[in-house]
Each structure stands twice: as structure tokens, then as C-alpha cells.
Amino acid sequence: MSTDLDFDSLMNGHIDTNNNENSSVSRNANEQSGQTHASSQNTRAEGVNQYLYESEKGLSLCAQLIANGDSNTPVARLLAEIKHTIEHDFLLLAKQDDNTTGAYTYAQLLLLEKKLNEIAAFPHLEKYYTVAVGGSFSAGKSRFLNSVLGCPSLLPTDTTPTTSIPTYLSLGEHNAISALNFYRKETVIDEEALKAICHAFNERFGVTFSHLLQLISVEREDFKYPNLVFLDTPGYSKADDIVNTQNNTDENIAREHLRSADYLIWLVDQQNGTVPQQDIEFLKSLELTQPVLVVISKADKKPESQIQQIINTAKQDLQRAEINFLDVIGYSAQLNKEFSSSKTVLTDLLQTVSKGKNGSVVSWQAAKIFNSYINFYESSRQILSLTNGTIKELIFAETISDKNKQHLDDINNKTKAQLNALATQKQVALKIQQQLQKQITQLCELLNVKTTMQPSSVALSSSNTTCSLGNDNVPQQSLVFEALVQGSIKQLSAIADITALQGRVIKLSAVGVHIKIDEKVQTDFDIIITRQKIKAQLGAAMIGDYFSEGLRVIVHIVNEKKASITVDIASA
């Protein structure tokens, strides 16, 4: 049987029959030279993967995996409408209006669109919290998951560094494996296909699927943790790509999915002796708020006393690096054994977090994204209104000459025109927001996915990681709170930009968190984040966990009664 796949023909949508004839000639030549190949009619040798052994089957698998999805289903049509709303309607507005947060907002909306496509393909994954397993290449992530879930052959454990497709593991009505490509096509595959595309296709045919497949879902009828979803991610480092990390596709894929997970278990091979500096830098780049559980893997390869020494060293290194970690334990997938004082750190964690979500937060995320965008209009209107008021006072001043009054009249008219333009742009943005919110609601109803506008603290932590294409004024890991403005803000007319003022917490009271702006101008107003607003966003979390006197914040004055406060979680 030929081992060559005609990928040029595959990408052009057909199979070159002439190439098949050439393959037959090649096969005959190989047989004459003593290389024995079984024909497609014969039974292949035991243990040989059919998609690697029989090139036609491998070609057929590739054709299925890169095909376009069905665009005529109700779900597909809704996704197409959402795509048009974001990539046409909003993009057109962002290009034409004066809102400087357009690029940032568009990047966030694209991430939301991608999330909605994932939910549409695998709605069951949205019902439960996700526990991600990360680590460098060959840290033993797949073998660890197989052991923890009690399924020795659930995931391929080949050591070839080509596992670049995030794989979600969960309870299902039936045992099933599905692959979702970037064209919204979901393909049901078998275990042999999973092993082939995850590991061997690259070595055999020089083909990788990381640019074609968005994720893989593995469902099992009998699942040890039915109220959790587990995520197996690509190793963020490859042996041949450590120097040029900016070109490391696996690193980017791993970072994106690990940031969106609710909890993280990080694996470190025991042979490292501690958590490598490269791992520490990667963990910092995730900017997580939930503490990570660090697992020293392959712990059976050293005496238990040495594993304990590695654990102690790792704890010290993590503390020095200011990594928020739950604990450091050892684990042997070979022995299915945890190495720790209690022997139950891992199982205790999984049992604690094994509970369903109170709903998907996609509608809340859409509202949050648009609120920040629309707040810009409000701030710009406030600045122009303050300017307009000052100009009017000058116009009626007796000391102003007629020539200067005419000049001020011209400025006043321009300011009015700008205010009218802002009002129009804001209305268009609100209309796009309402349209998108309606489409998301319809999609979730169609998929039977429950939504909530009051996310839990866990959901907040995983959803507040901002896009790297974002606003430089916004911390990469932040929480944004709505605050009350009490008093006159006229003094701010001397400040050109009131959308990113430096501020600090001056007091915690029974009312809430009191904030003062650090500007040279004298201010006579108070800014307060009420406890009610904080509770609505953080749930049962204590205010003291996020706020303290002197904490630096970013203040965005929206109007004379409202402000938006951004808190950098890393410094909280």
C-alpha cells in the first residue's frame, strides 16, 4: 500500500487518480525489492494504525477534517449572523467613528465569537468548570490524565512533540470522539484517528492539524468526575523551538486555552529537580488569579525522599517568583499514586470543584465588552460638555473682544457638532450591542445552554483575562467596577483625557471603597464603589481580598454621576 498522500489534490477538493496509478507502480516496485505491503483487501498487522498504513484512508480522514460545516442548520445560520454583526457591522462602526477603544473591543469580540463557535459544537462543555492540565513538552500530561480519570488508554501518550490540539474530556451520553475545525465543521472520529492526528501524522506524512483543528472533544459514558471537564493542552515548549519562542504555535495555543480554564494543574517532570525558570515565566504570562496546583510527574523514577526534596525546592522557587500556588505534590501515573503528606491533595481539589456552573457567562461577557466601548462615548461627551460650558462663560465675558467672541463661537459650534456625532455613533453602537445580545440569547436557547448575568468568582477569574491586543491603559488581568461620582466634576475640564486617570483607594467603609484621583487639579467630588456593586461582581468574596488602602487603580470618568474603576488583580 502507498504511504504517500496527494495533499495538493486534497486541498483542491479532489483526488488525483493518476497519482493512484503511480502509487500502484511504486507499490509493485517495492514488493519486488522485498518490501512487503498488505493490500487494502488484506487484514493489516495487529497494532498498525489504519490511517497511517492505508494512505487512502488517511487521505479520506484529512478530507473530512478540513471540510466546511453545514451552513444551512439553524445554529450555523445564527453563527453566521453573529459573525456578520461582529466582523462587518461593528468593524464598520469602529473604522468610521472616533472611539479609540475600537481595536481593543474588536479583538475581544473576535475571542467571544470563537468561544460561541466552540459552545455551538460542544454545548455540554459549557455546563461544568474546566480543569486544565498544562506543562512543557513531555511533562506527562496525557499519561497523568489517563491515570487520574482511571482510563489507561483514554489519550495517546506517544512522546512525539506534535500534540498541538487542545483536547477536552467529559461525561457523555455515549462514548464518542469529535474534532472541530476552524470552519465550524464537527467530525466524529475513532480512537485510531485520534492517535493518528495527535501524534503520528506529522512523522509519517509531514502533516500537522494545529492550524486546521480548533479542539477535540472526548466523551465517555463512565466518567470518574461527571461534573467536571478536563483539558489536555499542547506542551508549550518543543525541543527544537525553545530559542524562537515567538514562532512556537503550541505555546500560543496552550496559553489561549489555559487562560480560559477555571482551574489549572501544572506538571513538571521530576528530572528537572524543581520548576524550571521557563515554566515560571510561562505561568506568569497566564496572569491567573486562581491558585495553581503544581505536580511533580513521573515520581516513581526517584526514591520518595528525593521527590520530597524536589517538592520543597519547587515550593521555595514558586514563592520567590510570587506564583500563586495551591500546593506542590508528586504523582506517578505508572503507580496511580500521589506523593504528599495527606496523599489526597489532588482528589480533594477535584472533589471540591466538582460542581456545575450556574450558567454560561457569554451574554455577560458581551455586555461587559460593549459597556467599556460605550463608556468612551460618555466620557468624550462629558469632556466636550465641560469644554462647551467654559466657552459659553468666556463668550459672555465683557473683557472678550468681538473678534475673539467670534472665534469662540466657531469653537462652540464645532463642539456642538462633535457632541451630535458622538450621540449618533453611540446609538449605532447600542443598536449593534442589542442585536448581538439577541443573537447570543437565541443561540444559547437553541443549544439549551443556560446563561447568567451574575457570574461566580471562578467564572470572573477565567473571563477577565484580557486580549494581548488590548488597550495599554488596561492591566492584562483586571477587574472593572462601576462606581458612583458624588459632587461637581467641573474641575476636570482642565484635563484633556478623563478616561484613564490615576487613582488610589483612600478608605474602606461600610458603604464601600472610596477612591481619590491623583491629579494636580483640586477635586471636590467623591468616587465610591458600593459594597452592593462589589458583591454583585465578586459574590461571596471579601472586599479585603481585592481592595486595600493605597491600592493603585485606573479611573474612567463616564459622566457626572458614574465612573468605571479598573483594578489590577496582580497588585491587589
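## A salt bridge across the chain

The side chains of Lys-298 and Asp-269 form a salt bridge, with N to O at 2.9 Å. Lys-298 sits in the loop between strand 8 (292-297) and helix 11 (304-320), and Asp-269 in strand 7 (residues 263-269), so the pair ties together parts 29 residues apart in sequence. Lys-298 is partly exposed, at 25% relative accessible area. Asp-269 is buried, at 7%. The model is predicted.

## The chain as a whole

The chain holds 16 helices and 16 strands. Of its 572 residues, 51% count as buried. Among contacts with a separation of 6 or more, 77% join residues 24 or more positions apart. The accessible surface is about 27600 Å², and carbon and sulfur atoms make up 48% of it.

## Helix 6

Helix 6 covers residues 102-121. Its 20 residues should span 28 Å, and the end C-alpha atoms lie 29 Å apart, which agrees. Most of helix 6 is covered, with 15 of its 20 residues buried.

Lys-115 and Glu-126 meet through their side chains in a salt bridge (3.3 Å, N to O). Lys-115 belongs to helix 6 and Glu-126 to the loop between helix 6 and strand 1 (129-135), so the pair ties together parts eleven residues apart in sequence.

## Other charged pairs

The structure has twelve salt bridges. One of them pairs the side chains of Arg-220 and Glu-191 (3.1 Å, N to O). This pair links distant parts of the chain: strand 5 (residues 213-220) holds Arg-220, and helix 8 (residues 191-205) holds Glu-191. Lys-83, Glu-87 and Glu-113 form a network of salt bridges.

Note on methods:
Residues are numbered from 1 along each chain as its sequence is written. This is a predicted model: local features need pLDDT of at least 70, side-chain atom pairs count only at pLDDT 80 or more; totals for chains, interfaces and linings use all residues. Side-chain values use heavy atoms; hydrogens and water are left out. Helices (H or I, at least four residues) and strands (E, at least two) are DSSP runs, numbered from the N terminus. Buried means under 20% relative accessible area, exposed over 50%, partly exposed in between (1.4 Å probe, protein chains only). Contact means heavy atoms within 4.5 Å. Accessible areas come from the Shrake-Rupley method with a 1.4 Å probe; for residues, only the protein chains shown count as cover. The expected span of a helix is 1.5 Å times one less than its number of residues. A salt bridge is a side-chain nitrogen of Lys or Arg within 4 Å of a carboxyl oxygen of Asp or Glu.
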